[in-house]
Amino acid sequence: MIKNDRQYRITKAQADRFRTALRGLDDHSAEQSDIHPILFKVKHDALKSQLADLEKDLLEYDGLRAGSFDFNQLLTINELPTTLIKARIARGLSQRELAEQLGLKEQQIQRYEASEYAGASFQRINAIAAALNMEIDRSLLSENKNLSWQTLLRKLAEIGLPGEFVRRRLIPHMSLIRNAEDTEEHGMLIQAAAETLGKVFSWSTEEVLQGNSLVLTHATSGIRYKTSVNARVEKVNAYSVYAHYLSLLIIQACVGMPRKTVPTNPEEVRSTIRRDFDSYSLEALLNYVWDLGIPVLPLDDSGAFHGACFREGGRNVIVLKQNTASESRWAFDLLHELYHAGQESDSPERTVIEPEELGADEEDQIANHFAAAILLDGRGTELAERSLALAGNDLRRLKTAVNEVAEEEDVPAGHLANYLAYRLAAEQGQNWWGAANNLQIAAQPWATARNVFYERIDFAALAEPDRHLLLQALAPREELVP
């Protein structure tokens with residue numbers, strides 16, 4: 001969202017640069033370029049999508065400056081910050097002029113708007129609304145004095161939603177509330193929570209505000225849970241519902257993305273990636289999966305599960321949530337989930353939730369072999385058995401054996417180690433993950449997956465509260481208010 005004339009000028013200049021870059025690409029076809037045709041198309045589509053987003057922001061700002069705005073459109077408390085910003089622009093006030101009316105410095109209004117009023121007191125927000133000739137409907141604030149914030153958090157924790165997760169991921173503008181003892185600020189906090197929680201977990205706002213025990217339904221019907229014996233089922237289910245809601249948002253934002261048949265033959269996948277990307281890097285694999293019409297959502301939360309594949313209306317969405325810096329682990333998990341995405345293709349709905357470690361059932365076993373066949377050039381079984389033979393089936397010597405085989409055959413040791421760890425866990429009940437992790441090369445796979453997500457997704461297709469929720473889900477944990 002553009003918030004002032006300076007940002008408007010910058011955005012306009014960026015749009016001009018994107019138009020120039022697109023014209024340059026159009027003037028030189030993929031055949032004339034030294035860029036691979038698939039990468040050429042990815043770059044072209046990314047530029048086109050980013051230009052469309054910029055043009056939409058420019059059009060919105062032009063409309064607001066022309067006074068095109070409904071000052072009574074505030075429907076939920078979570079829309080309040082952006083509504084205040086739009087109202088200021090539509091009133092024809094600069095940030096400096098609004099600050100002068102309130103006896104503040106211009107930089108204070110800039111900080112408020114940059115953070116969407118995070119940290120502003122309710123009294124200050126009321127004063128800003130009054131300066132803009134707006135009145136905040138008191139019916140939007142919870143007046144249920146029997147429900148405290150701590151009581152609500154306790155009720156949510158009972159059904160698998162820890163307080164820290166609720167604060168970090170589910171309450172937009174959480175830091176807007178500075179004094180929870182203040183009646184109005186307390187009401188704003190509870191109402192904001194009720195609105196977001198109700199939307200994500202299919203409760204009415206009234207159900208949340210009543211303060212009674214809440215019932216959490218499963219994420220989807222026909223769900224295939226493969227949780228480990230130590231997993232807390234309530235937490236897995238609660239996080240699954242959250243991830244499923246995010247997947248629905250992503251499907252909405254990708255409605256125009258073409259869908260292709262998901263291949264389940266590893267040789268077909270391998271040859272296509274080799275032809276189109278000439279690389280088996282995580283970035284290349286991600287772009288390959290996106291090109292199939294399958295969005296890949298990377299999350300940065302601990303526990304619950306480490307991967308999932310949701311299908312709604314025939315569209316698959318892969319969720320990766322691996323807490324590791326190993327690109328090999330992310331690549332393996334991505335291809336594992338791709339196999340699940342290709343199963344029961346005639347079914348419009350299908351959900352698979354992965355446990356902490358893969359390998360629980362027959363489909364998982366095939367998915368593991370599928371991933372290894374792609375990453376290890378069809379020789380996963382051969383190289384794994386050779387490593388075990390070289391180690392004399394002694395796990396204490398297997399790490400050295402894997403390194404030796406990987407070097408001789410010019411394959412990444414991390415890929416081979418992951419495949420062996422999965423096989424040992426599934427076939428022998430042996431935990432070799434500690435040694436396998438020591439053979440991984442550290443990188444930033446989550447950031448890589450998020451960057452590709454940003455390039456591919458159309459955030460502008462989502463309503464503002466949902467867009468904020470998705471952006472909040474993609475934020476590193478350390479950047480969020482605990």
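Helices (H or I, at least four residues) and strands (E, at least two) are taken here as DSSP runs, numbered from the N terminus. The model is a predicted one, so local features are reported only at pLDDT of at least 70 and side-chain atom pairs only at pLDDT 80 or more, while totals for chains, interfaces and linings use all residues. Residues are numbered from 1 along each chain as its sequence is written, and side-chain values use heavy atoms, with hydrogens and water left out.

With that out of the way, His306 is a handy place to start. His306 sits in the loop between β2 (296-298) and β3 (307-312). Its relative accessibility is 3%, so His306 counts as buried (buried means under 20% relative accessible area, exposed over 50% and partly exposed in between, with a 1.4 Å probe and protein chains only). Although His306 and Lys321 are 15 residues apart along the chain, their C-alpha atoms are separated by 4.5 Å.

Lys321 belongs to another loop, the one between β4 (315-320) and α14 (327-341). At 2% relative accessibility, Lys321 counts as buried. Setting aside residues up to four places away in sequence, Lys321 touches Tyr239, Leu299, Asp301, Ser302, Gly303, Ala304, Phe305 and His306, where contact means heavy atoms within 4.5 Å. Asp301, one of these partners, is 20 residues from Lys321 along the chain, with 6.9 Å between the two C-alpha atoms.

On to the chain as a whole. The protein chain has 21 helices and 5 strands. It runs to 482 residues, of which 53% count as buried. Among contacts between residues at least 6 apart in sequence, 69% join residues at least 24 apart. The chain exposes about 21800 Å², and carbon and sulfur atoms supply 47% of that area (accessible areas come from the Shrake-Rupley method with a 1.4 Å probe; for residues, only the protein chains shown count as cover).

Next, helix packing. Two packed helices are described by the angle between their axes and the distance between the axes. Axes are lines fitted to C-alpha atoms, for helices over the stretch in contact, and angles run from 0 to 180 degrees between N-to-C directions. Helix α4 (residues 95-102) packs on helix α6 (residues 122-131) at about 110°, with the axes 10 Å apart. The two are therefore roughly perpendicular (angles under 35 degrees count as roughly parallel, over 145 as roughly antiparallel, 65 to 115 as roughly perpendicular and the rest as oblique). In this pair, Leu98, Gln101 and Leu102 of α4 meet Ala127, Ile128 and Ala131 of α6. Sorted by class, that contact has 5 nonpolar residues, 1 polar and no charged ones (Ala, Val, Leu, Ile, Met, Phe, Trp, Tyr, Cys and Pro count as nonpolar, Asp, Glu, Lys and Arg as charged, and the others, Gly among them, as polar).

Further along, the axes of helix α16 (residues 380-390) and helix α17 (residues 395-409) come within 8 Å and cross at roughly 130°. That angle makes α16 oblique to α17. From α16, Leu383, Arg386, Ser387, Leu388 and Leu390 take part, meeting a set in α17 that includes Arg397, Leu398, Ala401 and Glu404. The class tally for the contact of α16 with α17 is 7 nonpolar, 1 polar and 5 charged residues.

Leu22 counts as buried, because its relative accessibility is 10%. Beyond neighbours within four places in sequence, Leu22 is in contact with His44, Leu47, Lys48 and Leu51.
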